[in-house]
Amino acid sequence: MLFKRLVNGLEVFALVATAWTVLLLFTAQPPVSGDPVQDDGARIFAARCSGCHGAKGQGLSGPQLAGVVAERFPDPADQAAVVANGRNGMPAFGSRLTAEELEAVVEFTRTRLGS
Amino acid sequence: MSADSSVPAQSRWQSRLLVAAVAGAGISILLGVYGRIHDPAGQQTISGFFGSTLAFKAWMASLVLFFALLQLTTALRIWGRIPWPRTLPPWFSQVHRLSGTLAFLATLPVAYHCLWAIGFEPDMSQPRRFIHSLLGCFFYGAFVVKVVAVRSRRLPGWMLPAIGGTVFTSLVGLWLTSSLWFFTNIGFPGF
């Protein structure tokens, strides 16, 4: 009987957790750095890329970028193509970033990331 | 008399199931629409003691699969498809319910990160992500249908196992297109 009550209670908790998750989906906002000197590339990297590549580009589930990405992609256009179209587990950002934003974040990862 | 009274009863479960199917389809579509139009945050959310949210998700999805397997096994016993345990303890059906509830609860943080941070993948040239996105939306719709069906009396005997099997199959598909991919491409155990 106690076990049944526990299961009933857990089902109610699941309902509440579902409602809370839905609420979060519509209300959660990505953190904003608030640093006025950050350029677009840094801002976009922090918002879009750091989750997988690490805040300093050191690599997490995505590969390390800091200090190595320019070697891996001597032509920035090749790197931009990967960002735009995605590859392996990386999502495509082509439809989510403007051409200028794409260029800015690629430039940031090649020049300032990790420095 | 029994034939007369069975008509409204049959009509009742059919209507109820139809409403559940429409609600399930609606939820699947709503999730897909949200994932498509929401601007993906691209942020890590929860990672627990794992190194990254992706590792957390891969293991949570594996936990979901474990609970789903437990629910499948207990369902098979309840429906008499496996002989063990010989006599059903009084708490057995509660274990079945508990495993389903825990499986569902464990999907929530995973789905949250998928929807909020990554979004729906509409590009069919990315088959893994495309199929994963479709299955993710489908799963919650099918789950709604199952929750309603399990409370409906007078369903044809094959229907609940068919719905439950569909939910389970979609979960296996989700695991194959996420956790298995993570463990084989990123690393195992990955944290």
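**View 1. Overall build of chain B.** Read along the sequence, chain B follows the pattern α-α-α-α-α-α, and its secondary structure comes to 6 helices and 0 strands. Helices (H or I, at least four residues) and strands (E, at least two) are DSSP runs, numbered from the N terminus. The model is predicted: local features need pLDDT of at least 70, side-chain atom pairs count only at pLDDT 80 or more, and totals for chains, interfaces and linings use all residues. Residues are numbered from 1 along each chain as its sequence is written, while chains are lettered from A and ligands numbered from 1 in the order in which they are written. The C-alpha trace of chain B spans about 65 × 40 × 25 Å along its principal axes. Of the 191 residues in chain B, 39% are buried (20 or more other C-beta atoms within 10 Å of the residue's own, with C-beta atoms placed from the backbone). Among contacts in chain B between residues at least 6 apart in sequence, 78% join residues at least 24 apart; two residues are in contact if their C-beta atoms, placed from the backbone, lie within 7 Å.

**View 2. Packing of helices H2 and H5 in chain B.** Helix H2 (residues 53–78) of chain B packs against helix H5 (residues 159–176) of chain B at an angle of about 155°, and their axes are 10 Å apart. Axes are lines fitted to C-alpha atoms, for helices over the stretch in contact, and angles run from 0 to 180 degrees between N-to-C directions. H2(B) and H5(B) are therefore roughly antiparallel to each other (an angle over 145 degrees). From H2(B), Ala61(B), Ser62(B), Val64(B), Leu65(B), Ala68(B), Leu72(B) and Ala75(B) meet Gly164(B), Phe168(B), Leu171(B), Leu174(B) and Trp175(B) of H5(B). The residues of this contact divide into 10 nonpolar, 2 polar and no charged. Ala, Val, Leu, Ile, Met, Phe, Trp, Tyr, Cys and Pro count as nonpolar, Asp, Glu, Lys and Arg as charged, and the others, Gly among them, as polar.

**View 3. The cis peptide bond at Pro85(B).** Trp84(B) and Pro85(B) are joined by a cis peptide bond, with omega about 0°. Pro85(B) lies in the loop between H2 and helix H3 (92–118) of chain B.

**View 4. Where chain A touches chain B.** In this view, 25 residues of chain A are in contact with 30 residues of chain B. Helix H1 (2–27) and helix H2 (40–53) of chain A each supply at least two residues of the side that touches chain B. The largest share of that side, 11 residues, comes from H1(A). By class, the side of chain A that touches chain B has 14 nonpolar, 7 polar and 4 charged residues.

Definitions and conventions: Parallel < 35°, antiparallel > 145°, perpendicular 65-115°, else oblique. Buried ≥ 20, exposed ≤ 12 C-beta atoms within 10 Å, placed from the backbone.
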